Amino acid sequence: MQSWPAPEVPTVPGQPPPLRLYDSADRQVRPVAPGRTATMYVCGITPYDATHLGHAATYLAFDLVYRIWLDAGFDVHYVQNITDVDDPLLERADRDGVDWRELAFRETRLFTEDMAALRVLPPRDYVAATEAIDEVIELVEKMLASGAAYVVDDSEYPDVYFRADATEQFGYESGYDRETMARLFAERGGDPDRPGKADELDALLWRAARPGEPSWPAPFGAGRPGWHVECTAIALSRIGTELDIQGGGSDLIFPHHEFSAAHAECVTGERRFARHYVHAGMIGWDGEKMSKSLGNLVLVSQLRADGHDPAAIRLGLLAGHYRSDRSWSDQLLDEAYTRLRRWRRAAALPAGPDATDVVARLRRYLADDLDTPSALAALDGWTTDALEYGGHDEQAPARVAAAVDALLGVDLRGPLE
C-alpha cells in the first residue's frame with residue numbers, strides 16, 4: 001500500500017536527551033533504548049469511516065516519537081497496518097451497498113490525506129492486511145503445529161483459534177485480571193460465546209470462509225485473518241523480533257495488543273514481543289466519549305473542509321498529554337488558533353531572545369514521556385518575551401521555528417492572522 005508524502009524535517013543543532021516513555025506492561029516511565037535503527041509498529045485504521053480526532057491524536061503521539069528519534073540521529077523503521085478486511089468493514093460495505101474493497105480504498109485514501117495535512121511522518125512500510133495473507137497463513141500454520149492453536153471442528157465453520165494459555169506470560173502486557181479481560185474481550189471484538197472454543201478468551205486466528213465473505217485458500221481451509229494475528233504477521237515480517245515500540249490507542253491494550261504479543265511470543269520463543277508498549281488516551285467531545293454510536297465524532301476531513309488550519313488542529317491535540325483521556329471542544333480549537341498566531345508572529349520577527357534555552361527545554365520536555373503541555377508552555381514563554389520585550393538575536397526566530405517544525409511538526413510559516 002502506498003503511504004503518504006513525507007514533510008521535510010529541519011535539522012536542529014545540539015544533542016537531545018534520551019527518550020523516556022511510559023510502558024503499559026511495566027506500569028512506569030522508563031528509557032527507550034533502540035539500537036542503531038529504532039523500530040516502531042503502530043496499529044492502523046480499519047477503513048470503514050473517516051479519520052476522527054481520536055485517530056489523529058494517537059498518530060500524532062507516535063509522530064512525536066518518530067521526530068524525537070530523528071532528532072537523536074536514529075534511522076527509524078516505522079510500520080503501520082491497515083485492517084482492510086474485517087467484520088466492521090464488511091458490515092458497512094453491505095449496509096451502503098458498495099464493494100468492501102472500494103470502501104477500504106476510499107477511506108484509506110482519505111486517511112492518508114488527513115495524515116499528510118497534519119504533517120504526520122509516514123511509515124516506511126504501510127501494509128494492508130490483504131497484502132499480508134501469506135505471512136498470516138505461515139504464522140497460523142506454526143501455531144497449529146506447536147499446539148498453540150486449534151480448529152473448532154464441531155461446527156459448520158472450522159475456524160482456527162489461539163489458546164490464551166499458549167504462553168506462560170499471557171496477561172503481562174495489560175496487567176488485567178481475568179474478570180476484566182473477559183469483559184473487555186466481549187466489548188472489543190471478541191467472541192466469548194462461540195461454541196466449541198476451549199476457553200472463552202481464546203482469540204480468532206482464521207475465520208473459515210462464509211458465503212458472501214472474502215476468503216483466501218490456506219492449508220487449514222479457506223478463510224480470512226483474525227484481527228490480532230494480522231498485526232503480528234506484519235510486524236514480524238517487516239521488523240522481526242527487534243521491536244522497540246508497539247503502539248496504539250489505550251483501547252488496544254486488551255485484547256488486541258495482548259494477543260498480538262502472545263502470538264509472536266509463542267512462535268519466536270521470545271519472552272517479550274516489544275521492549276515498550278505505548279498507548280495514547282481517548283479523545284472525547286465536550287465532555288462526552290467520542291463514538292460512532294453517539295454520533296459525536298469530530299472528523300479531521302470535516303475540520304479541513306470547514307477551512308481550519310491543520311496546524312491549529314495539531315496544536316489543539318498536542319495541548320493535552322498524550323496518555324490522558326481528554327476532550328475536544330470549539331474552545332480548545334480557538335485557544336490553539338490564538339497560540340498558533342502568536343507563535344507565527346514571533347517567528348516572523350527580525351530578531352528575538354536567545355533561543356538556546358527554549359530549544360533545550362522543548363527537547364527535555366518531549367523526551368520526558370512526551371510532555372507536550374510543558375513544551376508548549378515553554379514556547380509560549382519565549383513567544384511572550386519576543387513579542388513584548390523583543391531581543392537582539394537575529395537567528396533566534398528561525399531557530400525556534402525550525403525546532404517547532406522538527407519536533408512538534410507545526411509549521412510556523414503560515415498566515416499571521
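**View 1. Gly269 follows helix α7 with a positive phi, near 80 degrees.** Helices here are DSSP runs of H or I with at least four residues, strands are E runs of at least two, and both are numbered from the N terminus. This is a predicted model: local features need pLDDT of at least 70, side-chain atom pairs count only at pLDDT 80 or more, and totals for chains, interfaces and linings use all residues. Residues are numbered from 1 along each chain as its sequence is written, and side-chain values use heavy atoms, with hydrogens and water left out. Helix α7 spans residues 253–268. From first C-alpha to last, its 16 residues reach 21 Å, close to the expected 22 Å; the expected span is 1.5 Å times one less than the number of residues. Of these 16 residues, 14 are buried (under 20% relative accessible area with a 1.4 Å probe, protein chains only; exposed is over 50%, partly exposed in between).

**View 2. Leu53, Trp328 and Leu408 touch the most other members of the largest nonpolar core.** The core has 77 residues. A nonpolar core is a set of buried Ala, Val, Leu, Ile, Met, Phe, Trp, Tyr and Cys residues joined through side-chain atoms within 4.5 Å. Helix α1 (residues 53–71) gives the most to this core, with twelve residues. Beyond four places in sequence, the contacts of Leu53 include Ile283, Met290, Val298 and Trp328 (contact: heavy atoms within 4.5 Å). A second, separate core holds 46 residues, among them Ile137, Leu243, Leu252 and Tyr277.

**View 3. Three strands form an open sheet in the order β13-β12-β14.** The pairing is mixed; strands pair if DSSP finds at least two bridges between them. β13 (288–289) and β14 (326–328) are the edge strands, each with a single partner, so one side of each is left without a neighbour in the sheet. β12 (residues 283–285) runs parallel to β14, joined by three bridges. Ile283 stands opposite Arg326 of β14.

**View 4. Helices α2 and α3 cross at roughly 110 degrees.** Their axes come within 9 Å. Axes are lines fitted to C-alpha atoms over the stretch in contact, with angles from 0 to 180 degrees between N-to-C directions. The two helices are therefore roughly perpendicular (65 to 115 degrees; under 35 is roughly parallel, over 145 roughly antiparallel, the rest oblique). α2 contributes Leu89, Leu90, Arg92 and Ala93 to the contact, and α3 contributes Trp100, Leu103 and Ala104.

**View 5. Strand β3 pairs with β4 in the parallel sense.** Six bridges link them. Met40 has Tyr78 of β4 as its bridge partner. Five of the six residues of β3 (37–42) are buried.
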